Amino acid sequence: MSDDRMVYSIKEDNLGEVNIADEVVTIIAGLAATEVDGVSSMAGNITNELVSRLGKKNLSKGVKVEVVDNTVRVDVSLNIAYGYAIPDISAKVQERIKSAIETMTGLEVGAVNVRIVSVDMANSR
């Protein structure tokens, strides 16, 4: 491939093969994290912030995915709403991401690392 995207093979048999782009796994993780009550938004780098201000939605913002031997490692950066217990929200995010990736892709999730970047006072409990 000419771009930097990785593709992971999840199935190969006599009917053919099924491949998943790394961007797909990243988007699944980001969407799963934002479904958890108490997660205000995903946190990204300055490039992600500029893109979102221009009106373009970046569904992989704040998520880094590594796949080695069909085992996924996910790093997510989150903004949490004020008034929520950070350990509880982090555990729920880890469970939700692990479940979503394993159910949708068949890949095994080895680790989900959560980084709380800020507390959002506007979205409080």
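The model is predicted, so local features need pLDDT of at least 70, side-chain atom pairs count only at pLDDT 80 or more, and totals for chains, interfaces and linings use all residues. Residues are numbered from 1 along each chain as its sequence is written, and side-chain values use heavy atoms, with hydrogens and water left out.

**Overall fold**

- The protein has three helices and six strands. Both kinds of element are DSSP runs, numbered from the N terminus: helices are H or I with at least four residues, and strands are E with at least two.
- Along the sequence, the pattern reads β-β-α-β-α-β-β-α-β.
- The protein has 125 residues, and 33% of them count as buried. Buried means under 20% relative accessible area, exposed means over 50%, and partly exposed lies in between (1.4 Å probe, protein chains only).
- Take the contacts in the protein with a separation of 6 or more: residues 24 or more positions apart account for 63% of them. Contact means heavy atoms within 4.5 Å.

**Helices α1 and α3**

- Helix α1 covers residues 22–34, and helix α3 covers residues 86–105. They pack at an angle of about 140 degrees, with their axes 8 Å apart.
- The axes are lines fitted to C-alpha atoms, for helices over the stretch in contact. Angles run from 0 to 180 degrees between N-to-C directions.
- α1 and α3 are therefore oblique to each other. Angles under 35 degrees count as roughly parallel, over 145 as roughly antiparallel, 65 to 115 as roughly perpendicular, and the rest as oblique.
- On the α1 side, the contact is made by Val 25, Ile 28, Ala 29, Ala 32 and Ala 33. On the α3 side, Val 93, Arg 96, Ile 97, Ala 100, Ile 101, Met 104 and Thr 105 take part.
- By class, this contact of α1 with α3 has ten nonpolar, one polar and one charged residues. Ala, Val, Leu, Ile, Met, Phe, Trp, Tyr, Cys and Pro count as nonpolar; Asp, Glu, Lys and Arg count as charged; the others, Gly among them, count as polar.

**Salt bridges**

- The count comes to five salt bridges. A salt bridge is a side-chain nitrogen of Lys or Arg within 4 Å of a carboxyl oxygen of Asp or Glu.
- One of them joins the side chains of Arg 96 and Glu 35, at 3.2 Å from N to O. Arg 96 lies in helix α3 and Glu 35 in the loop between α1 and β3 (39–42), so the pair ties together parts that are 61 residues apart in sequence.
- Arg 96 is partly exposed, at 35% relative accessibility. Glu 35 is exposed, at 52%.
- Lys 64 forms a salt bridge with Glu 66, with the closest N and O atoms 3.9 Å apart. Arg 73 also forms one with Glu 66, and there the closest N and O atoms are 3.9 Å apart.
- Lys 64 is partly exposed at 47% relative accessibility. Glu 66 is partly exposed at 34%, and Arg 73 is partly exposed at 38%.
- Salt bridges that share partners join Lys 64, Glu 66, Arg 73 and Asp 75 into one network.

- Gly 30 sits in helix α1 and is buried, at 4% relative accessibility. Gly 30 and Val 76 are 46 residues apart in sequence, yet their C-alpha atoms are 7.7 Å apart in space.
- Ser 90 belongs to helix α3 and is buried, with a relative accessible area of 13%.
- Ser 90 touches Val 114 and Ile 116, not counting residues up to four places away in sequence. From Ser 90 to Val 112 is 22 residues in sequence and 9.6 Å in space, C-alpha to C-alpha.

**Serines in strands**

- Ser 77 is in strand β5 (residues 71–81). Ser 77 is buried, with a relative accessible area of 14%.
- Leaving out residues up to four places away in sequence, Ser 77 touches Met 42, Ala 43, Gly 62, Arg 115 and Val 117.
- Ser 41 is in strand β3 and is partly exposed, at 27% relative accessibility.
- Ser 41 touches Leu 78 and Asn 79, again leaving out residues up to four places away in sequence.
- Ser 41 and Ser 77 are 36 residues apart along the chain, and their C-alpha atoms are separated by 9.0 Å.
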